[in-house]
Amino acid sequence: MTLCSDFGKEFTLVAATQSSILANQALASQTSACPLQFAYHGAVAERFMLEWKRAESEDLIAERTRLKHGELSHQEGADDQVFQFLLMQAQQGNPEAQANIGRMFYWGQGGVDRNIEEAFEMQHAAALQNHPDGLFDAGIMLLKGHGTDKNTTKARQYLEKAAKAGHKGAPGTIGYLELNENGNVTGAVHYFNQSHQLGDTDATHNLAIIQTFYETFDPDPYYAHKMFKLASDGGHKDA
């Protein structure tokens, strides 16, 4: 098979030699021979690890904490009827409203002034009612010291409760802590697998990265390729 059968593939190949993540992804998708697919996916993983090491610590919460209801991102400031209704619900103790208002305060979305202290108060109130998103977001904010004092122990407790409450990203975040703070690769894989089974593509991608780069496990290119493929099919931007 001729890999560069047209100008498009030739330029893609040139870009790949310059460590372009997207170019290597494209070549992996264009190449039917399995060894070449693994090679290009490996290049993607290697480049991603370099980018990951340079990433700021803010990235964790930026990836995880998102508004789940589209109408909230279109409301227009603190006087908007949607915001006022949610705020009333939050003040009456509705944990779903508290979690959503907390995100809006954290990001300053929809014309609402950013207030991370108020954001933590709202997420913490939702967490006290065992709301999965409230537990997770409060745990992340405790982990980073955003809007409250940094408390890694309490953050871990909240994340574990979020995992038990069914939050799909919580086990993967615990896995991240196991890997980066405790150096526990086996424990990280255990938690990444939990999030992967719940459909979290970050965890799926992390499993592929570990299988590719960490010597704790025997290399398994077929498994790594499978995980990269699943993460990509699930919409993961780096898979």
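**Figure 1. Aspartate 133 and arginine 103 are joined through their side chains.** The structure is a predicted model, in which local features need pLDDT of at least 70 and side-chain atom pairs count only at pLDDT 80 or more, while totals for chains, interfaces and linings use all residues. Residues are numbered from 1 along each chain as its sequence is written, and side-chain values use heavy atoms, with hydrogens and water left out. Aspartate 133 belongs to helix H8 (residues 132-144); helices (H or I, at least four residues) and strands (E, at least two) are DSSP runs, numbered from the N terminus. Aspartate 133 has a relative accessible area of 7% and is therefore buried. Here buried means under 20% relative accessible area, exposed means over 50%, and partly exposed lies in between (1.4 Å probe, protein chains only).

Figure 2. The secondary structure comprises 13 helices and zero strands. Of the 239 residues, 45% are buried. Confidence is highest in helix H7 (residues 116-127), at a mean of 97, and lowest in helix H4 (residues 59-64), at 37. The pLDDT is below 50 over residues 1-29, a stretch with 39 contacts beyond near neighbours in sequence; a contact means heavy atoms within 4.5 Å. Residues 31-41 also have a pLDDT below 50, with 19 such contacts in the model.

**Figure 3. The largest nonpolar core contains 29 residues.** A nonpolar core is a set of buried Ala, Val, Leu, Ile, Met, Phe, Trp, Tyr and Cys residues joined through side-chain atoms within 4.5 Å. The members that touch the most others are Phe83, Ile101, Met104, Phe105, Phe136, Tyr158 and Leu159. Two or more residues each are given by helix H5 (81-91), helix H6 (95-107), H7, H8, helix H9 (152-164) and helix H10 (170-181). H8 supplies the largest share, seven residues. Beyond its neighbours within four places in sequence, tyrosine 158 has contacts with His124, Ala127, Leu128, Leu135, Ala138, Gly139 and Leu142. A second, separate core has twelve residues, among them Leu179, Val185, Ile210 and Met227. In soluble globular proteins, nonpolar side chains tend to be buried together.

**Figure 4. Helix H6 is mostly covered.** Ten of the 13 residues in H6 are buried, including Gln98, Asn100, Ile101, Arg103 and Phe105. The end C-alpha atoms of H6 are 18 Å apart, which agrees with the 18 Å that 13 residues should span at 1.5 Å a residue; the expected span is 1.5 Å times one less than the number of residues. At the N-terminal end, asparagine 94 caps H6 through a side-chain oxygen 2.9 Å from the backbone nitrogen of glutamate 96. Just after H6, glycine 108 has a positive phi of about 65 degrees.

**Figure 5. Helix H11 (residues 185-197) is shown with its surroundings.** H11 has 13 residues and reaches 18 Å from its first C-alpha to its last, close to the expected 18 Å. Its buried residues include Val185, Val189, Tyr191 and Phe192. The buried residues of H11 pack against H9, H10, helix H12 (201-213) and helix H13 (221-233). Asparagine 184 caps the N-terminal end of H11, with a side-chain oxygen 3.4 Å from the backbone nitrogen of threonine 186. After H11 comes glycine 199, with a positive phi near 95 degrees.

**Figure 6. Glutamate 178 lies in helix H10.** Glutamate 178 counts as buried because its relative accessibility is 9%. Leaving aside its neighbours within four places in sequence, glutamate 178 is in contact with Arg156, Gly183, Asn184, Gly187, Ala188 and Tyr191.

**Figure 7. Asparagine 130 sits in the loop between H7 and H8.** The phi of asparagine 130 is near 65 degrees, a positive value in a residue other than glycine. With a relative accessible area of 45%, asparagine 130 is partly exposed.

Terms used. A polar contact is a pair of N or O atoms within 3.5 Å; within protein, one must be able to donate a hydrogen and the other to accept it, and residues adjacent in sequence count only if both atoms are side-chain atoms. pLDDT is the predictor's confidence in each residue, from 0 to 100.
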